[in-house]
Amino acid sequence: LPMPVIGYVGAISEKLDYDLLRQVAEAYPQSSLILGGPVDLRLDFSGLQKISLPNVHLLGAKPVTEVPHYVHACQVCLMPYKRNEWTAHINPLKLYEYLASGRPVVSTAIPAVRGYEGVIAVADSPESFCQQIGVALASEDAEARRARMALAAQNTWDVRVARISELVNLTLLHKGM
């Protein structure tokens with residue numbers, strides 16, 4: 001595929017902003033916009049028509065063991081979620097998969113990315129989203145890559161389980177149990 005590769009790896013569902021993805025594809029016509037994952041549209045299939053452009057590539061479902069290879073193939077990883085009631089309550093694991101790869105991440109301003117603004121680009125408009133992709137393509141550096149990978153290392157399942165256990169124990173102590 002023509003480089004650079006700008007990509008999203010995950011379920012192709014109604015939570016994605018297909019108008020935004022079209023704007024990305026149109027803003028970077030010489031790039032490849034990949035969407036790797038199962039198509040899981042249930043109510044509205046019009047999104048696929050919106051992104052039917054020559055530089056957009058639907059790669060289909062991939063075995064979970066291959067996901068890191070697809071993420072690593074991207075020069076910029078996207079979290080192009082609509083901002084709605086559904087995405088207000090998600091905590092996408094792909095954020096941590098993307099961070100673990102060290103690749104730059106551009107996300108819409110969903111609640112799950114609050115607090116990560118120093119490590120990923122968070123955009124509050126389609127124009128800003130497209131602009132942040134350009135910034136990420138032009139300014140990749142080793143220090144930023146290390147910071148993303150370090151943040152991912154702090155968000156393993158072991159770390160989360162230890163934190164949950166700590167909170168449960170503190171709650172039990174507070175209640176005198």
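This is a predicted model: local features need pLDDT of at least 70, side-chain atom pairs count only at pLDDT 80 or more; totals for chains, interfaces and linings use all residues.
Residues are numbered from 1 along each chain as its sequence is written, and side-chain values use heavy atoms, with hydrogens and water left out.

**Exercise 1.** Work out the strand order of the open sheet and find which strands stand at its edges.

Solution. Start with the strands, which are DSSP runs of E with at least two residues, numbered from the N terminus, as are helices (H or I, at least four residues). Two strands pair if DSSP finds at least two bridges between them. The six strands follow the order 3-2-1-4-5-6, with parallel pairing. Strand 3 (56–60) and strand 6 (121–123) are therefore the edges: each has a single partner strand, so one side of each lacks a neighbour in the sheet.

**Exercise 2.** Now look at how strand 1 is joined to strand 2.

Solution. Strand 2 covers residues 32–36, and five bridges link it to strand 1 in parallel. For one example, take Tyr-8, whose bridge partner in strand 2 is Leu-35.

**Exercise 3.** Is Ser-13 buried or exposed, and what does it touch?

Solution. First, locate Ser-13 in the loop between strand 1 (5–9) and helix 1 (18–27). Next, apply the cut-offs: buried is under 20% relative accessible area, exposed over 50%, partly exposed in between (1.4 Å probe, protein chains only). Ser-13 has 2% relative accessibility, so it counts as buried. Finally, list its contacts (heavy atoms within 4.5 Å). Leaving aside neighbours within four places in sequence, Ser-13 contacts Tyr-18, Asp-40, Leu-41 and Trp-86.
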